Number of protein chains: 2
Amino acid sequence: MGNGYVGARTPRREDARLLTGKSRYVASVRLPGMAYAHVVRSPVAHGRLLGCDTKAARAVEGVLDVILPADAAGLRLPCVNVMPGQLMTSYPVLDDAVRYVGQPLAVVVAETPQAARDAADLLDLDLDELPAVVGAERALSDDAPLLHPDLGSNVLFDFVMGDDDCAAAVEGAEHVVEMTFRMGRVSPYPLEPRGVVASYASYAGDELTVHLSSQAPHHAREHLAEALGLSHDRVRVVSRDTGGGFGAKEHLYPDETLACLAAIRLGRPVSWSEPPGDRLFATLPARQAVHRGRLALDGDGRFVAMDVDVLGDLGAHPSNVGGSTFAVTATLLPGPYRFDRFAVRVRGVVTTTTPTGSYRGFGQPEAALTRERLIDEAARRLGLDPVELRLRNMLRPDELPYTTRVFQTYDSGDYPRALRTLRDLVRPVEKDDGRRRGVGYSCHVESTGMGPSMDMKAINAAAGGYETAILRMEQDGSVVVSSGVVSMGQGIETALAQIAADRVGVPIERVRVVLGDTATTPYSSIGAVASRSLAVGGGALVRAAVRLRDRLLALAAHRLEADAGDLEIADGSVRVQGDPRASLTLRDLATSAWRGWDLPEGFAPGLEERVSYDPEGYTFAYGAHAAAVAVDPETGAVEVERYWVVNDAGVLVNPTVVEGQLTGGVAQGIGQALTEEIGYTDDGQPIAEYLPPTTREVPGIEVVLMETPSPLTPGGMKGVGEAGTIGPPAAIANAVAAALPEIAAQVTDVPLTPAVVWSLLRA
Amino acid sequence: MGNGYVGARTPRREDARLLTGKSRYVASVRLPGMAYAHVVRSPVAHGRLLGCDTKAARAVEGVLDVILPADAAGLRLPCVNVMPGQLMTSYPVLDDAVRYVGQPLAVVVAETPQAARDAADLLDLDLDELPAVVGAERALSDDAPLLHPDLGSNVLFDFVMGDDDCAAAVEGAEHVVEMTFRMGRVSPYPLEPRGVVASYASYAGDELTVHLSSQAPHHAREHLAEALGLSHDRVRVVSRDTGGGFGAKEHLYPDETLACLAAIRLGRPVSWSEPPGDRLFATLPARQAVHRGRLALDGDGRFVAMDVDVLGDLGAHPSNVGGSTFAVTATLLPGPYRFDRFAVRVRGVVTTTTPTGSYRGFGQPEAALTRERLIDEAARRLGLDPVELRLRNMLRPDELPYTTRVFQTYDSGDYPRALRTLRDLVRPVEKDDGRRRGVGYSCHVESTGMGPSMDMKAINAAAGGYETAILRMEQDGSVVVSSGVVSMGQGIETALAQIAADRVGVPIERVRVVLGDTATTPYSSIGAVASRSLAVGGGALVRAAVRLRDRLLALAAHRLEADAGDLEIADGSVRVQGDPRASLTLRDLATSAWRGWDLPEGFAPGLEERVSYDPEGYTFAYGAHAAAVAVDPETGAVEVERYWVVNDAGVLVNPTVVEGQLTGGVAQGIGQALTEEIGYTDDGQPIAEYLPPTTREVPGIEVVLMETPSPLTPGGMKGVGEAGTIGPPAAIANAVAAALPEIAAQVTDVPLTPAVVWSLLRA
């Protein structure tokens, strides 16, 4: 099977428009009569909105509406993934109970964005302030104020997974390494800010059309309909180009929901775009957690047991994804290793900070940091080579499929080969410039291809979900692919076109890919998240393509009076192999199929396949990363000088796209490891200083791709969208620890800013 | 089956927007950067465009482009229905050979409509004029100029159907009535003029989006793609509300195609709307034909044979539908009667007039006029009652299904009962005001539900075609219907909603109907023509609804551990009959289906059915009409004083809609009978005087509905959209002949204008 498109370095077709200013972002949507919304946010971390005088605001010329909490009573957004025992499963879109700086308190709608902002400044908010609660550990303390007094606790869920006797195994082991890790709060930073244009037609057949920068338009559609009390069939969400998501745009936010409410109230289209200054506290951040981990080894360096206490900071309330990032951390903590016993406790607590949500990697960089740092520290204490210690405990290919003690079934791969390949790549930097140098490694197994569909009442991280592909051959032989996944710059359009061209047997130029519109694409309950677009969406497409091809061949066999097995598709025709005269053009066959002319018995008219693929289980990619760092002992500044990645994401559809995904992910991981963090003052004010890495902070990254097909997914693909982000915090922290053995045991927190490293060195 | 919606007089849901100015016509589409096209038309009937000086036009401020025939070389539109032996199967969109007044010769595109018109006036057309050819009989004469010299003839096709020995049977019969009928050229007159807004995005993934006032958006999409050399997958046609079509908008015209070409050339959206003054020569007219007919009877008044020579005026070249109206005339000429022998010859000739096309009734009013006038004239000559003569020769219900001698298989009905019912309704007007009065009858069988799909290389009128319905239940239990048919004011949206609500078992308010967008609706090769939307599109929906309901019940049976046969759908739930506690809401079931949760073995996720219905054959509606007229002998003016219709269109989905369709159709038929005609001067200039009937010319119309289900279509529906137009010319002409027996044999032509009647009376 295949015509050479799968595996080829096909140029990304979306770049033609993305790089020439012709992309279809929400901000380019201009509708007649469009008004502009401005969201007014809380300046305090905790308190109560006692009242709001809107008179001066309403008097501003061009102001059309002011929406206060009372106007949005009952408007709630749900937590999609509810953890066992979770106390709160939805939250109000607009609330007079204030729990974080940046929480929406009101919306002003006006003829121009300027008028809306001007009027917003004149709203007189009467706020009764309460003490802030910053940090998950603070939220646990007995004297911490309760954020949701009716719930009776700041701990919204608390559950354990794994072996009951794990603690005993740890405590009875020969060696135990115990460390506590703190992961900073990081913020996704897409090039296109969040935005929405909502329009509502209020005749019989009321219809809300929402242009939304989203990774999950079907998901947004459901939640908008439910929140606004609209029939699902009357809501359409369009997300044609999403200018980056990184997880931030899988959520439906209060802001976007309120813009839709404004459009319904006003009967005019309403546009809202996140002001740049709002991003750090209005776009959901992620990753803030404290892990207390113990790794137990026997005298031979064998991993006897591991237990981890994951304390997750939910922010003010559970976001759409609730605590599921922390649960994913838990399920991926074992990584590519064998443990006799394993256990994890997961708690989610509320603090007076912005709710935390999804971010590329979704709990997995945190899992890797804790595990891989514990391993390096164990190697240091036992005097073993860290790579050798890893290899000694690593699952071998012949052990797969392998189910971990937290119920993840790794499907395929060769983890030791990845690490050995990596070791062979690594070339430490040798230079005498007064800086101290070290190399660090990290390995991970990554859950991708989210599935199967099941009613997740319990332990697992997220509801899985199938994908559906619609594949049509038009009467002229051109091919249209439609899928519920979303194009957000990751190259999925190109990859799906490659699969369709390859499997059907047409030139890729004849394949069109339609994504990002609930009116024209099949349902996707999840969207373009969790590195699943290619594995699940592409898997469905593989199946659809096989069926479409079979139908074409059956039709040709009927028309040519030949056996379908003797036919091949080439050069725009179906022909009998070895008999070039016996052939029919695809145009002829497709016209016949669509017109219903001369079809075989039982052959329904048309040439369109609609196939769902519901995975039996997750598929698991994996990777091994290494970083070479130089630390300036005078300033504490860490430079990543070299970076190596070995990654296996199953069948490679487009190696160039895969390398791009890995490289971009590593850059984000370096940011998390070294510079990026949203800090808070003790009274809950976010510190507006955020430093994503630039090309100066990101070295050249050497990538080697392995290719172990997934036995689960049609086509054998696994996901790769998040892989690059998982390894860097662990590899870089290990490299810093290797460079500075005297403080190695204290290298536990990310980001490792100059101030952090300098303080450790000075202590 | 059924929840009472089918058969109910449900208010038309589309009226809420159509009557409140919220309809979505093409003229309401406003796109950023939109330019305006003006089509420049030939002022002469025949000749050659030798050149065109565009300098002055291009100098007008705001002019963006001028398109001449050389710029559109190779751009051709096809004849969809090609008659046997037809000489010409496509025509150029822009041609320097001029063959009718109004033929497009150039397009001017400018920033404003006014600038485009002003510039158009400055185009200097250098035209070499040739002699005109007006009238099909003139085109046949030996000295007539050839319009297409390369074809060698003005006769583009000439074929016969029926019995070879028919002429002999006629000539050997006891009584033969021979008459020649001339049908005037009439013009469809939709409330929304033709119009288009085309926009072209020219990045990788080039896409032409065309808002088009059309009855057949998928059909238009194919022909636009082929004409413009675009891949089908890159063309989208949107026709959300079409403000009346009457057949005129099943064609893709040169005007609309040129607007698309202009949008591609310019890289900006281009709007074109037909100026009111252009309609009579730019929107395709119809019905111009000359019939020479002979009806042969034996001594008992039995119909021995009938033969007819149909001479059709194609205008300058075959339109999209070519000569198929004349072929439909031929196949429907036998009507509801038995003939031992039957034959018809059909010729299509070209003249220097606007090409003729589709018009509501599509050849059938012409067939009825010829047949029913011959019958009345025979009755008059034989001294028989015209109704009795009809009943004597009419097919009885027990003779159906019955295949005529021109291969039409009438499926079901009771033709004599319709005529008897009509006779009982008729109450002649008795008044002594100096006018002469008469009552006339006409009966017809009408071909509806166009199908089956087959490659029409030969005799039949038009390619048939299946329809596909997509029926989805959303997670909240709301239902979406999508179909390739088009809403053009005929009520199909309401009828499809009734069927879906009835068959699935949900309130009609929960059903949404999506039509008129090639991106969101299933393929329809034909569109909303030929009274087929309900019979074929609705038939597909019935099948989809049965499947959706079965799937719901299967899922509920699995979940409730019940037998599907014991379940019923009511009040938003599926419940076990007799056990009100054992039930599941549709919301619960639909959510489970879409999420893929707890499904029976082999049950694919989702709750969407996509079903095609490809009719085994046409279904045949029928009707009987009667008119009471008063003729003023001083002026020749004919007034229709009363009008009665008995119609059987199979199962009635919405009697109010059916009555509305019949009443509107009769009004159009009265126009054709008495007032409407596009005349031409001898040099081919159209006479710009056109008189559609007003409420003063249309009396109250009494409608009685019969209901014989079609045994062919799922749901038993037949078509009714055109029925009203078929009877009036014949019934009114018969009434005039009855009122004026001294000139009865000369009452042959429509329209029967005062001048025509006065001239007959004076002769």
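**Entry 1: B:Pro254**

I began with B:Pro254, which I found in helix α7 of chain B, a helix that covers residues 254-266. I keep in mind throughout that this is a predicted model. Is B:Pro254 buried or exposed? Its relative accessible area comes to 11%, and because buried means under 20%, I noted B:Pro254 as buried. Leaving aside residues up to four places away in sequence, I listed what B:Pro254 touches and wrote down B:Leu77, B:Tyr91, B:Val93 and B:Pro104. I also looked up the pair B:Pro254 and B:Val529, which are separated by 275 residues in sequence, while their C-alpha atoms lie 20 Å apart in space.

**Entry 2: B:Asn393**

Next I turned to B:Asn393, which belongs to helix α11 of chain B, residues 386-393.

**Entry 3: where chain B meets chain A**

I then looked up the contact between the two chains, to which chain B and chain A each give 50 residues. Together they bury about 4,100 Å², with 46% of that area on carbon and sulfur atoms. I counted 12 salt bridges between chain B and chain A, and one that I looked up by name joins the side chains of A:Arg512 and B:Glu207, with 2.3 Å from N to O. For polar contacts between chain B and chain A, the count is 30 residue pairs, with both residues at pLDDT 80 or more.

On the side of chain B that touches chain A, the elements giving two or more residues are α1 (15-18), α6 (217-228), β22 (479-483), β23 (511-514), α15 (586-595) and β27 (608-613) of chain B. Which of these gives the most? I found that it is α15(B), with four residues. Sorted by class, this side of chain B holds 23 charged, 15 nonpolar and 12 polar residues.

**Entry 4: an annotated stretch of chain A**

Last, I checked UniProt, where an unreviewed entry places the feature "domain: Aldehyde oxidase/xanthine dehydrogenase a/b hammerhead" at residues 20-131 of chain A. In the model I found that residues 20-131 of chain A are 36% strand and 12% helix, with 50 Å between the end C-alpha atoms.

Note on methods
Residues numbered from 1 in each chain as written. Chains lettered and ligands numbered in written order. Predicted model: local features only at pLDDT ≥ 70, side-chain atom pairs only at ≥ 80, totals over all residues. Heavy atoms only, no water. Contact = heavy atoms within 4.5 Å. Buried area = accessible area lost by both parts, 1.4 Å probe. Salt bridge = Lys/Arg side-chain N within 4 Å of Asp/Glu carboxyl O. Polar contact = N/O pair within 3.5 Å; in protein donor to acceptor, adjacent residues only side chain to side chain. Nonpolar A, V, L, I, M, F, W, Y, C, P; charged D, E, K, R; others polar. UniProt positions renumbered as here; feature names shortened; annotations may be inferred. Buried < 20%, exposed > 50% of the residue type's maximum accessible area, 1.4 Å probe, protein only.
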